[in-house]
Amino acid sequence: MSVQPAAFLRTTLPLDLSRLPELDSGRYHSIWLPDHMVSFWPDSLWTPEFTDLATASPSPHRHLDGLAVAAAAAVLTDNVPLVSAVVDTVRRHPCLLAQTALTIDHLAGGRFILGLGSGESENTVPYGFDFSRPVARFEEALSVIRLLWASDGPVDFGGQFYSLHHARLDTEPYAGRFPPIWIGASGPRMLDIAGRHADGWWPAGAWTPEHYAEMLSAVRASAERAGRDPMAITPCFIQVCLIGEDDDTLAEILRAPLVQAFLLQVSAETLRGFGFEHPMGAGWRGFQDIDPAALPRERILEFLGNVQPEMVLAVVPHGTPEQVAEIVKTYVDAGLQVPKILDYGAMAGLNYAEASAVNVRATEDELLRLCGSLA
């Protein structure tokens, strides 16, 4: 099985496009570009009281339009595929998604991949978007995108969420090939949709290799039922981890409030499965309950007071680059082909950012060596 890591391109200020030549060198399978309105970190936590990162950036929410940045990256690279990771179908109308994807793909010379998801409350609810029935909305949006791409002339469509009347998108695909669609999916309905429609797939979270394999099996079973080749779907994953050169460094990283705050993205049900009660309470749903503006300092202090380092270590692969690579290899054995190794240790503070980039590259190298893919 061929394994090749992916790279992230940050879509926040300050925007740094200087790394694009390095990312375009052939080392990476693809470049993934996030698309957010806000980040997961609560405003009350992004202060000098808790992190020196707040002295370097006044807000963790200085997001740029991910698709606009993808267009810029398209004209500044020549070889590497570019992936929106992911655009939701709540904030953007599927007709615009269909047109924008074709536009970026022409700019990229056929290298754009449209990564789609059903959305998150933090990026939609505060802005007045209707976040009800996101999965049904997602599937219908996907139908509209495919319809517009496949039609030679005006089309009509009457759905629950979208209506088209003599609508047309006459822009032809680059070199006769429409952009692949990758789908972010974890729940049963979304996994089924991914199997029927996706060219690539990654989950919002996979807490064990067995969990990843179970979800991938569901995607492939759905593809088989739909008469598709299940092995043609590219399995991906954003592997959040903590990388340190030794146990003392890892212990320092674990004391950082922003690192501990990763647990806000984990549901109480998931953490309970590892033997812990969630610091936010038994009903916490993870990232779906995060509203960065609505978690006051008092709640954050209570949360931090109840965090145990073992909770974070239970859900996040950790250790030296060699140790983390060994863990990621177990996900490869479960079917993963394109991992993005995301070291959350960079959130421990300004002194950790440079070391984090070095550690990620070392982990990638070791993973490729373990997989026999290192040239």
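Predicted model: local features only at pLDDT ≥ 70, side-chain atom pairs only at ≥ 80, totals over all residues.

Q: Which residues of α9 are buried?
A: In α9 (residues 247-254), T249, L250, I253 and L254 are buried. Buried means under 20% relative accessible area, exposed over 50%, partly exposed in between (1.4 Å probe, protein chains only). Helices are DSSP runs (H or I, at least four residues), strands too (E, at least two), numbered from the N terminus.

Q: How do they sit around the axis of α9?
A: They fall within an arc of 140° seen down the axis, so they line one face of the helix. The arc is that of the directions from the helix axis to the C-beta atoms.

Q: New topic. How many salt bridges are there?
A: The whole structure has 20. The criterion is a side-chain nitrogen of Lys or Arg within 4 Å of a carboxyl oxygen of Asp or Glu.

Q: What does R27 pair with?
A: R27 pairs with D365, closest N and O atoms 2.9 Å apart. They are 338 residues apart: R27 is in the loop between α1 and β2, D365 in helix α15.

Q: Is R27 buried or exposed?
A: R27 is buried, at 16%. D365 is partly exposed, at 28%.

Q: And what about D88 and R91?
A: Their side chains form a salt bridge, 2.6 Å from N to O. D88 is buried at 4%, and R91 is buried at 16%.

How values were computed: Residues numbered from 1 in each chain as written. Heavy atoms only, no water.
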